[in-house]
Amino acid sequence: AARGPAAADRPVIRTTALVKRFGRVTAVDDLHLDVREGDRYGFLGPNGSGKTTTVRMLLGLVLPTSGQVELLGGKVGRDVLAQVGALVEGPAFYGHLSGRANLRLSDAAGPGSVRRTRTARVGEVLEQVGLGGVDRRPVRAYSLGMRQRLGLASALLRRPRLLVLDEPTNGLDPQGI
């Protein structure tokens, strides 16, 4: 990502009049966001206030009823999403495989993967989230916090330009947070 004064002027997330309705229920109503490169932005609100729905719209997992979403200066699509790391709600992994094997599979399945750097990147993110010493155990033996750390490792694996996390501290101990 570009750095310097010009980079800070570019929005990495922009929403315009974003609305999402589920039948008669309005989950998100006229949301305008302008998040700049380098910002750390968080949603605070009670359960059911539209935080997860907004994150899902940002990632193209749920289509807005109306309004617009732009990420990294473009419409949400494969090219843009390849530059985004995300963790939405509880991460899902193959329980019989190790954390390392799950990350290798996840990386191989997505667009933009670089095979020659995979082993090093997987090792780096496992160390970064504190799973370097337990990464070979099957995921079914992981605690909730360890699974959450593995989800964070997965989101960081491709060194994304934009990181979108939904309840990233769920199940983590104070050190993990």
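Buried means under 20% relative accessible area, exposed over 50%, and partly exposed in between, using a 1.4 Å probe and protein chains only. The model is predicted: local features need pLDDT of at least 70, side-chain atom pairs count only at pLDDT 80 or more, and totals for chains, interfaces and linings use all residues. Residues are numbered from 1 along each chain as its sequence is written, and side-chain values use heavy atoms, with hydrogens and water left out.

**View A. An aromatic pair of Tyr-41 and Phe-43.** Rings of Phe, Tyr and Trp (its six-membered ring) pair if their centres lie within 6.5 Å; planes under 30 degrees apart count as stacked, over 60 as edge-to-face and the rest as tilted. The count by this rule is one aromatic pair. Tyr-41 and Phe-43 are edge-to-face, 5.7 Å centre to centre with 85 degrees between the planes. Phe-43 is partly exposed, at a relative accessible area of 31%.

**View B. Strands β1 and β3.** Strands (E, at least two residues) and helices (H or I, at least four) are DSSP runs numbered from the N terminus, and two strands pair if DSSP finds at least two bridges between them. β1 (residues 11-22) and β3 (residues 66-71) pair in the antiparallel sense over five bridges. Thr-16 stands opposite Gln-68 in β3.

**View C. The hairpin of β3 and β4.** β3 pairs with β4 (residues 74-75) over two bridges, in the antiparallel sense. Glu-70 stands opposite Lys-75 in β4. Two residues lie between the strands of this hairpin, where Leu-72 takes a positive phi near 55 degrees.
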